[in-house]
Amino acid sequence: MIRLDKFLADMEEGTRQEVKKYIRQGRVFVDGVPAKKPELKIDETKQKVFFDQREIRYRQFEYYMLNKPAGVVSATEDFSDRTVIELIEERRRKDLFPVGRLDKDTEGLLLITNDGALAHRLLSPRHHVDKCYYARVEGIVTGEDKRRFLEGVNIGTQDMPEQTAPGKLEILEVDKQQGTSEILLTIQEGKYHQVKRMFEAAGKKVCYLRRESMGSLTLDKDLKPGQYRRLTDEELKSL
């Protein structure tokens, strides 16, 4: 059960004070009956609420797959840059957040939700969730790099080492003339700039990075950078 004014405010039909005014103006109906009190308790899973003849459906959780573009920050708010939350134009909840972070210049899969329990399961190191990245790299990636990544890489310094967990490196293409490589890297951590620092430790530089998947969730190839969609029921079940 939830208060009617909270129900409407949560669905971004106005502030708590505004929706209280709408209710008193007779613009809100519950199961076909005009609501008279903002504090009216309703069952948000069973009762039907209409505001100005529009049915308002309650969503406790929202889940969006975003193909994050470069130049946008993985944050809920920022004073200087546009955030990934601002890209979700049809959002109904005010408490959405990105699950994990992608660097400002990194593109690809980002889950936007307000489901804290799911976010914890996906991000907690003890759950060992795979995160797969596609990268274009300046330098020739070799079998020796694959072996090193499988053992874990020191992305710190000799004085302050920072060892990564094993990562699975797949070489997609090598252009010896250009001195570049295309790879997939699967890791289970999310250390600061981890993919870039792993290649820097191998004497190479990541010039483009895109996250392809996170756990069972794979980036929809139909989504261009900056586009998003709601998760399907099948995707939610798999997560």
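**Strands, pockets and cysteines**

Guide: Let us begin with β13: seven of its 10 residues are buried, so this strand is largely enclosed by the rest of the structure. Please keep in mind that the model is predicted.

Visitor: How many bridges join β10 to β13, and in which sense do the two strands run?

Guide: β10 covers residues 131–138 and β13 covers residues 205–214. The strands β10 and β13 are joined by eight bridges, and their sense is antiparallel.

Visitor: In which sense do β9 and β13 pair?

Guide: A bridge links Glu 107 to Arg 210, which belongs to β13. Two bridges are found between β9 and β13, and the sense of this pairing is parallel.

Visitor: Which residue in the turn between β13 and β14 has a positive phi?

Guide: β14, residues 217–218, pairs with β13 over two bridges in the antiparallel sense. Within this pairing, Met 214 stands opposite Leu 217 of β14. The two strands form a hairpin with two residues between them, and the turn residue with a positive phi, about 60°, is Gly 215.

Visitor: How many residues lie between β11 and β12 in their hairpin?

Guide: β11 (residues 168–175) and β12 (residues 180–187) run antiparallel and are joined by seven bridges. Glu 173 faces Glu 182 of β12. In the turn, Gly 179 has a positive phi of about 70°, and the number of residues between the two strands is four.

Visitor: Is Thr 106 buried or exposed?

Guide: Thr 106 is placed in the loop between β8 (97–98) and β9 (107–113). Leaving aside residues up to four places away in sequence, Thr 106 touches Lys 68, Pro 69, Ala 70, Lys 196, Leu 209 and Arg 210. The cut-off for a buried residue is under 20% relative accessible area. Because its relative accessibility is 2%, Thr 106 counts as buried.

Visitor: How many disulfides does the structure hold?

Guide: A disulfide requires two cysteine sulfur atoms within 2.5 Å. For Cys 132, the nearest cysteine sulfur is that of Cys 207, 17 Å away, and Cys 132 is in no disulfide. Likewise, Cys 207 is in no disulfide. The number of disulfides in the structure is zero.

Visitor: Is Cys 132 buried or exposed?

Guide: Cys 207 is partly exposed, because its relative accessible area is 44%. For Cys 132 the relative accessibility is 13%, so this residue counts as buried.

Visitor: Which residues lie nearest the centre of the largest pocket?

Guide: The volume of the largest pocket is about 490 Å³. Its lining takes at least two residues from each of β10, α6 (194–201) and β13. By class, this lining has 11 nonpolar, seven polar and eight charged residues. Of the 26 lining residues, those nearest the centre are Arg 101, Leu 102, Asp 103, Gly 190 and Lys 191.

Visitor: How many charged residues are in the lining of the second largest pocket?

Guide: The second largest pocket has a volume of about 160 Å³. Its lining includes Phe 7, Glu 44, Lys 46, Arg 57 and Tyr 58. By class there are four nonpolar and two polar residues in this lining, and the number of charged residues is five.

How values were computed
Residues numbered from 1 in each chain as written. Predicted model: local features only at pLDDT ≥ 70, side-chain atom pairs only at ≥ 80, totals over all residues. Heavy atoms only, no water. Buried < 20%, exposed > 50% of the residue type's maximum accessible area, 1.4 Å probe, protein only. Contact = heavy atoms within 4.5 Å. 1 Å grid on protein atoms, 1.4 Å probe; cavity = no way out; pocket = protein on both sides within 12 Å on 5 of 7 lines; lining within 4 Å. Points joined across faces, edges and corners; volume = space filled by probe spheres on them. Nonpolar A, V, L, I, M, F, W, Y, C, P; charged D, E, K, R; others polar. Pairing = 2+ DSSP bridges.
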